[in-house]
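Here is a short report on one protein model. Keep the sequence and the 3D view open as you read.

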Amino acid sequence: MIRAGVPAVALVHEPFAMLARLQVAQVGMPDAPLLVYARDLPGQEPPDVLERKAGEVAGRAAGFLLSVRG
């Protein structure tokens, strides 16, 4: 998407952040935007906590996309 000129950001769970960084470097895009966020625990966290976390990630993703808008 980025190479086609479409603003994009990869959403990556924290445990996979290093692998994601290695992968974008391997495909020649080391500066590709990655939004790293804490792993959710749906079976261990109440729905309102998960919803709050999702809202925070959505807000951060919007910020990434709006910052590269042409």
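Arg52 forms a salt bridge with Glu56, and their closest N and O atoms are 3.0 Å apart. A salt bridge here is a side-chain nitrogen of Lys or Arg within 4 Å of a carboxyl oxygen of Asp or Glu. Side chains of opposite charge can pair when their charged atoms come close.

This is a predicted model, in which local features need pLDDT of at least 70 and side-chain atom pairs count only at pLDDT 80 or more, while totals for chains, interfaces and linings use all residues. Residues are numbered from 1 along each chain as its sequence is written, and side-chain values use heavy atoms, with hydrogens and water left out.

**The salt bridges**

The structure holds 2 salt bridges. Arg52 and Glu56 both lie in helix α2, 4 residues apart, about one turn of the helix. Helices (H or I, at least four residues) and strands (E, at least two) are DSSP runs, numbered from the N terminus. Glu45 and Lys53 also meet in a salt bridge, through their side chains. Glu45 lies in the loop between β2 (34-37) and α2 (47-67). Lys53 is found in helix α2.

| Salt bridge | N to O distance |
|---|---|
| Arg52 and Glu56 | 3.0 Å |
| Glu45 and Lys53 | 2.5 Å |

Are these residues buried, partly exposed or exposed? Buried means under 20% relative accessible area, exposed over 50%, and partly exposed in between (1.4 Å probe, protein chains only). Arg52 has a relative accessible area of 44%, so it is partly exposed. Glu56 is at 43%, so it too is partly exposed. Both Glu45 and Lys53 are buried. Glu45 counts as buried because its relative accessibility is 18%. Lys53 counts as buried because its relative accessibility is 18%.

**Around Glu45 and Lys53**

Contact means heavy atoms within 4.5 Å. Not counting residues up to four places away in sequence, Glu45 touches Asp40, Leu50 and Lys53. Lys53, leaving aside its neighbours within four places, is in contact with Arg39, Asp40 and Glu45. Arg39 can also be placed relative to Glu56: the two are 17 residues apart in sequence and 13 Å apart in space, C-alpha to C-alpha.

**Helix α2**

In α2, Leu50, Lys53, Val57 and Ala61 are buried. Seen down the helix axis, the buried residues fall within an arc of 75°, so they line one face of α2. That arc is taken from the directions from the helix axis to the C-beta atoms. What covers these buried residues includes β1 (10-13) and β2. On the other side of α2, Asp48, Glu51, Leu66 and Ser67 are exposed.

**The nonpolar cores**

A nonpolar core is a set of buried Ala, Val, Leu, Ile, Met, Phe, Trp, Tyr and Cys residues joined through side-chain atoms within 4.5 Å. The largest one has 6 residues in all: Val12, Ala20, Val24, Met29, Ala32 and Leu34. A second, separate core has 5 residues, including Val9, Tyr37, Val57 and Ala61.
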